[in-house]
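Subject: Structure handover

Hello,

Here is the structure I said I would pass on. Please open it next to this message, as my notes follow below.

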Amino acid sequence: EELHVHFLTRPAFDELLKQTQQSIQNTQNPRTREILSAELAILLKASGTFAAQYLKDDAPYVETIPADRWESESSRYIEEPARDSEEPRLIRLIDYVEYNVHTTPQALLPQGSILVDLPGGSAGQLRHDLILREELNEVDAIILVIGNNRFGDDDRTQHIFELVKRKIVSNRTPDVAANMLFLAVTHWDELNSHASVEKALGSLRPLQRDLPAGYNSYHHHGPNHDY
């Protein structure tokens, strides 16, 4: 069992810098320009700190970490620092991180199955949108995870649901599309009143327009399967 950290090549990272700079110049939205400018600063700081060690001109640099070091070392490759952190972000130089794990004979998924944790469509990170669009062309099924801090009134959530509709729902019959989609709502246990539950449900309902027709006849949600 190993963890493989695949870094971008230097040309790929330079292209990402170029695309971010061009997006700053091309956008007419002041808020978008501000977000992209902040992201450019993060990219430049990461490059200045880590490029010499990790960005190679030809083949990507790959770092291998055995399972007994995952707990102590893997977070720096897969977790963003706190939003207000000033530390350079190594994660911006990483293409993807791959865990190889052993399963048991009782595993529900077939041997060789691949689970992909897709980015959340974060504004300003152009690679995240590219990864999201490309992977949605390849997946056999997708679990849409949303929480009480990011329901249907969140721009990023709406963006992801719209991409899923365009890539998965629109080109398939409702029954096929519905069986490819699963909706997981986290932090539901923190909704401790009828009013908070109704508010959450009201925020979730706008997302239903992007789900396949008849989705709720294939899936049932909630403690009593009544949502």
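To begin with a charged pair: Glu 162 and Arg 209 are joined through their side chains in a salt bridge, with 3.9 Å from N to O. The two residues come from distant parts of the chain, 47 residues apart. Glu 162 belongs to helix H6 (residues 155–169), while Arg 209 is in the segment after helix H8 (194–204). Glu 162 has a relative accessibility of 34% and so counts as partly exposed. Arg 209 is also partly exposed, at 44%. Please keep in mind throughout that this is a predicted model.

Salt bridges

The count for the structure is eight salt bridges.

- Asp 57 and Arg 10 form a salt bridge through their side chains, at 3.4 Å from N to O. This pair, too, links distant parts of the chain, 47 residues apart. Asp 57 is in the loop between helix H2 (30–54) and strand S2 (62–66), and Arg 10 is in helix H1 (residues 10–26). With a relative accessibility of 28%, Arg 10 is classed as partly exposed.
- Glu 73 and Arg 69 form a salt bridge in which the closest N and O atoms are 2.7 Å apart. Glu 73 has a relative accessible area of 24%, which means partly exposed, because buried requires a value under 20%. Arg 69, at 33%, is partly exposed as well.
- Glu 39, Glu 80, Arg 89 and Arg 92 make up one network, joined by salt bridges that share partners.

As background, side chains of opposite charge can pair when their charged atoms come close.

Aromatic rings

How many aromatic pairs does the structure hold? There are five. One of them is formed by Phe 7 and Tyr 54, whose rings are stacked, with 4.4 Å from centre to centre and 10° between the planes. Phe 7 is part of strand S1 (residues 2–7) and Tyr 54 is part of helix H2, so this pair ties together parts that lie 47 residues apart in sequence.

Are Phe 7 and Tyr 54 buried or exposed? Both residues are buried. They also belong to a cluster: ring pairs link Phe 7 and Tyr 54 with Phe 50 and Tyr 61.

Surface patch

On the surface there is a nonpolar patch made of Ile 78, Tyr 99 and Val 101. Together these residues have about 260 Å² of accessible area. Tyr 99 is located in strand S3 (residues 94–100). Its relative accessibility is 35%, so Tyr 99 counts as partly exposed.

A backbone detail

Which residue other than glycine has a positive phi, near 65°? That is His 187. Most residues other than glycine have a negative phi. His 187 is found in the loop between strand S5 (181–186) and H8. Its relative accessibility is 38%, so His 187 is partly exposed.

Those are my notes on the structure.

Regards

Definitions and conventions: Residues are numbered from 1 along each chain as its sequence is written. This is a predicted model: local features need pLDDT of at least 70, side-chain atom pairs count only at pLDDT 80 or more; totals for chains, interfaces and linings use all residues. Side-chain values use heavy atoms; hydrogens and water are left out. A salt bridge is a side-chain nitrogen of Lys or Arg within 4 Å of a carboxyl oxygen of Asp or Glu. Helices (H or I, at least four residues) and strands (E, at least two) are DSSP runs, numbered from the N terminus. Buried means under 20% relative accessible area, exposed over 50%, partly exposed in between (1.4 Å probe, protein chains only). Rings of Phe, Tyr and Trp (its six-membered ring) pair if their centres lie within 6.5 Å; planes under 30 degrees apart count as stacked, over 60 as edge-to-face and the rest as tilted. Patches are made of residues with over 30% relative accessible area and no salt bridge: like charges are joined within 9 Å, nonpolar side chains (Val, Leu, Ile, Met, Phe, Trp, Tyr) within 5 Å. Accessible areas come from the Shrake-Rupley method with a 1.4 Å probe; for residues, only the protein chains shown count as cover.
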